[in-house]
Number of protein chains: 2
Amino acid sequence: METVEEAAADPGDPPGAPGPVARGTGAARPPAPRRARATASMADVARLAGVSAQTVSRVSNGYPGVTEETRRQVRAAMRELGYRPNSAARALKRGEFRTIGVITFTLATTGNVRTLEAIATSAAREGYAVTLLPLAVPTQDEVRGAFSRLEELAVDAVIVIMEVHLLDAATVHLPPHVQVVVVDSDAGDRYTVVDTDQHGGTREAVRHLLDLGHRTVWHLAGPEDSFAAMRRADAWRAALTEAGRELPPIVRGDWSAESGYRAGRELAVREECTAVFAANDQMALGLLRVLHEHGRRVPEDVSVIGFDDIPEASSFLPPLTTLHQDFAEVGRLCVQAVLRKMRQEGPERGTTLVPTRLVLRSSTAPPPGPR
Amino acid sequence: METVEEAAADPGDPPGAPGPVARGTGAARPPAPRRARATASMADVARLAGVSAQTVSRVSNGYPGVTEETRRQVRAAMRELGYRPNSAARALKRGEFRTIGVITFTLATTGNVRTLEAIATSAAREGYAVTLLPLAVPTQDEVRGAFSRLEELAVDAVIVIMEVHLLDAATVHLPPHVQVVVVDSDAGDRYTVVDTDQHGGTREAVRHLLDLGHRTVWHLAGPEDSFAAMRRADAWRAALTEAGRELPPIVRGDWSAESGYRAGRELAVREECTAVFAANDQMALGLLRVLHEHGRRVPEDVSVIGFDDIPEASSFLPPLTTLHQDFAEVGRLCVQAVLRKMRQEGPERGTTLVPTRLVLRSSTAPPPGPR
DNA sequence: ACCAGCGATGTTTGCGTAAACATCAGGTGG
DNA sequence: CCACCTGATGTTTACGCAAACATCGCTGGT
């Protein structure tokens, strides 16, 4: 937006508008891409089929009240002309776009991507398209901007894949008629939320390690501003407390493998650390590397468990025991929830949890015997 | 589509149409999600500002011929009413949607995702939205289906991230007015193609290993039906031949780390294999694991080089030397190309290559001395 | 035999926008 | 002083579709 020299980019100045560029007396107007008028309209089909446009519309929408015979003729005419309903006109008339907007901060994490993919697939099955709105930087301003773009961008609903603290209701202008569903959030009281059962999964991870005989479990946590990271850390704490084990100091990364490597140094040098629960698989990968570099064998000396079950996890050294997240299910439920909300069938808010599954591989084992 | 009992899903039967469900005499009509008529229209703004709708339109589009004074008033009215241009009406009137469709087979590979992200970001900057069309299975039928959905799905252009052999021009119905740009393809003679410089990158990889003193370089290739894999294999062959080295038998995976592990067994048992060029980082990861399991140290006994430079590559054991692909640039160029085509400014076809960059880490070294 | 009733089809209308054209006021040159 | 131009603004119209309403012809009950 740095090139705009005039007033501000106001409501009326859509991001894509020609804007105040290429102006001046007699200036050629901006070379707006122009589609050739090449498609047949309903009227054309109607003419060819010898019926009214309304009948074509009925056939097009599968409405009743048309003879099988007429229907056939109209279909033939459609085929002949290569007719495709004009979605703009349809949207204008119906007041809905059959499109769901997805706002996501980054596509760098497996979870977001897999969820997005599932959303797109489920949406397609329901006859909805998905419009993607990636955010450059996760600031409230960006989020707000994305929402306003979305609004004029022809969507009926929005799914937000994002830490919700960015979604401060006070500042984000949520268009009243656009339904919102949030992934990965604790705001079940304010929004409809679909999320993985972070708590249950973590609990299972901790229990698994404890059951193997470890005295306690260390935690390589995700970034502090992440809700998912927070939940996993909380659940880890709760599980240990409940089992009456001591609570080791928390170690933090930023989800990346690199950060797991850096943060893991601290764990690698501690003899008493025999079991680590990493908040995601990537950080576990980095951890595996530091441990290796410090000569600590996994799982003989140290057990490591991850979270996510990314495809590569089975190829780590050693193959990683981790908690499988069902992102496909999360995406599916998001779409269902948002459609239900649009139809005003569902509850206004509340959280839906998708369970995880413990995948046992080779990175966990009983602790080394007392030496 | 299994619930449709009537004829086939014809052109006139959009995937999302209410269809022949919920019918019958006097049956309540399907509970179509309905948006409340809540937004202000141009007419409302015009009334409040005391001008004509046309003037509002001019302001909204930043067109000239409006006094600064009037413009201010209109802007004020827009703000007061929370006016947002109705994109459906706008699209109907203008005949363009300002939306780019992206067809992609899978979001499971880093490359596709990163490219998609870059496309979405670049498109947003140009005032275009991105509609995502994932394919369940990569068959011609699916591709064809995706295209026809896309067409009625309100897009002005399409970017295809896919092996092009699925895009057989004979069967895919490409709407004449929709421009197409393809990523990862050799069809520069038929489409506009943007791709990473597979050849140059591979060449650099092979040269790097040869320069280190290896007698030859083995290749862990991608699946046969992948164009990128084919190109990399070809370039590997060419580079070796050119250097007058012997050509070891090719070993093949399917891009996944797991497949790299399986295929890598063959390499791990060959004493004479001291350098391997893996067609992507994931397979390199699997390869690292088999090598480790067979007691062959990397890089002391065997050098491994990957392709892609995924974020995790720096955390592999050892950190992976690889070829960095600039997916962001690929995405950006795709958008530029497709916009240029829409404006009929660019060439109809041809290939644009994005160079790679060799990232030196710890998985390559001179071969072990003769024993 | 007549008409109510119903299913099939046609006609009218308006969704919100923007291009094309119309109007109008004020200024300029002859 | 008027014909003419110019720039600001208003009016008309059409984009393609589908809801609402209108019409038409046939069937069946009395």
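Modeller: Happy to! This is a predicted model, where local features need pLDDT of at least 70, side-chain atom pairs count only at pLDDT 80 or more, and totals for chains, interfaces and linings use all residues. Residues are numbered from 1 along each chain as its sequence is written, chains are lettered from A and ligands numbered from 1 in the order in which they are written, and side-chain values use heavy atoms, leaving out hydrogens and water.

Colleague: Which residues of helix 1 of chain A are buried?

Modeller: Buried means under 20% relative accessible area, with exposed over 50% and partly exposed in between (1.4 Å probe, protein chains only). Helices (H or I, at least four residues) and strands (E, at least two) are DSSP runs, numbered from the N terminus. In helix 1 of chain A, residues 42–49, the buried ones are A:Val45, A:Ala46 and A:Ala49.

Colleague: Why do the buried residues line one face of helix 1 of chain A?

Modeller: Take the directions from the helix axis to the C-beta atoms, which define the arc. The buried residues of helix 1 of chain A line one face because, seen down the axis, they fall within an arc of 100 degrees.

Colleague: And what covers the buried residues of helix 1 of chain A?

Modeller: Contact here means heavy atoms within 4.5 Å. The cover includes helix 2 (53–60) and helix 3 (68–81) of chain A.

Colleague: Where does A:Pro299 lie, and what is omega of the cis peptide bond there?

Modeller: A:Pro299 sits in the loop between helix 10 (281–293) and strand 9 (303–308) of chain A. The cis bond joins A:Val298 to A:Pro299, and omega is about 10 degrees.

Colleague: Is A:Asp308 buried or exposed?

Modeller: A:Asp308 belongs to strand 9 of chain A. Its phi is positive, about 130 degrees, although A:Asp308 is not a glycine. With a relative accessibility of 9%, A:Asp308 counts as buried.

Colleague: How are helix 5 and helix 11 of chain A oriented to each other?

Modeller: Axes are lines fitted to C-alpha atoms, for helices over the stretch in contact, and angles run from 0 to 180 degrees between N-to-C directions. Helix 5 (residues 110–125) and helix 11 (residues 327–342) of chain A pack at about 50 degrees, with axes 7 Å apart. Angles under 35 degrees count as roughly parallel, over 145 as roughly antiparallel, 65 to 115 as roughly perpendicular and the rest as oblique. Helix 5 and helix 11 of chain A are therefore oblique.
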